Amino acid sequence: MTQLKTRVMNQEHERQLIVIGATADPSDDQLPLYLGPVCVDPDDPDRCYVANVAPWDGSRPRLSCIPRERFEEECDQGYWKRLEYPMPFAWDHRLVALEPDQGPIYLPDEHAYAEVERLGKAALTSVAEAIERDTLTRSAHERIWYAARALGDDPLPLLTAIALERAELPVETLDDLAAELPPQTSQPSALILYARKQGWNKLLALIAHDPLGHRYFPSQQEPFSQPVPRFLRGYPDRTDFLQKRRAQTGSVYARAA
């Protein structure tokens, strides 16, 4: 009975919490990014609560109490962010930063995930179309990294980013990015299939001729039907590039929480 009463009291407490900030103030090159909500109880304004809505280790969502002064200090130092418009807290919502020069938005979790996916796919589409037209710009490079962060469950955006930037990326960074990729499967990913339907042949050729990207196409299936893009001609075919580098350094990448 005591545990039940405590749980009911906690639920009542959570219902009156107000989200007043976020545990990050992301830069443009971190977007899109889900943020940890910082809440306050209007009846107890000297304390704040950081809501861990989606723990990385699969544990139960939880609240962590901190002094109000710490929240103010973190915001003043530029690490955390105050929200312009506070809003009621809910466990089934996500606080997410989506676009540059726009504050975080608070949405039901399924809506938040769908919006991140929509914007990521739009960014990928704009890059694919630029590749097809041979009109790549610096903005297109920024958009493909946005798509890679937004669509991390599919290898296509990150493979595209790696292929576009390989000449400019340090070997250690390439190793780290390779560790971020989803596991290879016997079938093309959903976005690779989508790219084929859209006729993004130059994009697929770009990836298939990259030392890492070609592994994500089953050997019995040609991913594209046109020659190597002009900007890839003469590029060395070093398919064992990453394995050799890891053998030399023994480096292992672990994703930060």
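## Basis of the description

The model is predicted, so local features are reported at pLDDT of at least 70 and side-chain atom pairs at pLDDT 80 or more, while totals for chains, interfaces and linings use all residues. Residues are numbered from 1 along each chain as its sequence is written, and side-chain values use heavy atoms, with hydrogens and water left out.

## Overall composition

The secondary structure of the protein consists of nine helices and eight strands. These elements are DSSP runs numbered from the N terminus, with helices (H or I) of at least four residues and strands (E) of at least two.

Of the 257 residues in the protein, 42% are buried. Here, buried means under 20% relative accessible area, exposed means over 50%, and partly exposed lies in between (1.4 Å probe, protein chains only). The protein exposes about 14,800 Å², and carbon and sulfur atoms supply 50% of that area. Accessible areas come from the Shrake-Rupley method with a 1.4 Å probe, and for residues only the protein chains shown count as cover. Among contacts between residues at least 6 apart in sequence, 58% join residues at least 24 apart; a contact means heavy atoms within 4.5 Å.

## The sheet of β2, β7 and β8

Three strands form an open sheet in the order β2-β7-β8, with antiparallel pairing. The edge strands are β2 (33-35) and β8 (105-108), each of which pairs on one side only. From one strand to the next, the twist averages 45°. Two strands are said to pair if DSSP finds at least two bridges between them. Strand β7 (residues 93-97) is joined to β8 by four bridges, and the two run antiparallel. Within this pairing, Val96 has Ile105 of β8 as its bridge partner.

Helix α3 lies across β2, β7 and β8, and runs at about 115° to β8. For such angles, axes are lines fitted to C-alpha atoms, for helices over the stretch in contact, and the values run from 0 to 180 degrees between N-to-C directions.

Strand β3 (residues 37-41) and strand β4 (residues 44-52) run antiparallel and are joined by four bridges. A hairpin connects β3 to β4 through two residues, and Asp41 stands opposite Asp44 in β4.

Strand β4 also pairs with strand β5 (residues 62-67), in the antiparallel sense and over six bridges. In that pairing, Ser64 of β5 is the bridge partner of Val50.

## Helix α4 and its surroundings

Helix α4 (residues 138-150) contains 13 residues and spans 19 Å from its first C-alpha to its last, close to the expected 18 Å. The expected span is 1.5 Å times one less than the number of residues in the helix.

Its buried residues are Ala140, His141, Ile144, Trp145, Tyr146, Ala147, Ala148 and Ala150. The cover over these buried residues includes α3 (109-133), α5 (155-165) and α6 (171-180).

## Salt bridges

The structure holds ten salt bridges, a salt bridge being a side-chain nitrogen of Lys or Arg within 4 Å of a carboxyl oxygen of Asp or Glu. One of them joins Asp25 and Lys81, with the closest N and O atoms 3.9 Å apart. This pair links distant parts of the chain, 56 residues apart: Asp25 is in the loop between β1 (18-22) and β2, whereas Lys81 is in strand β6 (residues 81-88). Asp25 is partly exposed, with a relative accessible area of 38%, and Lys81 is also partly exposed, at 27%.

Another salt bridge joins Arg68 and Glu72, with the closest N and O atoms 3.0 Å apart. Both belong to helix α2 (residues 68-76) and are separated by about one helical turn, because they are four residues apart. An α-helix has 3.6 residues a turn, so residues three or four places apart point the same way. Arg68 is partly exposed at 24% relative accessibility, and Glu72 is partly exposed with a relative accessible area of 24%.

Glu72 forms a further salt bridge with Arg82, where the closest N and O atoms are 2.8 Å apart. This pair connects helix α2 with strand β6, the residues being ten apart. Arg82 counts as partly exposed at 38% relative accessibility. Through shared partners, salt bridges join Arg68, Glu72, Asp76 and Arg82 into one network.
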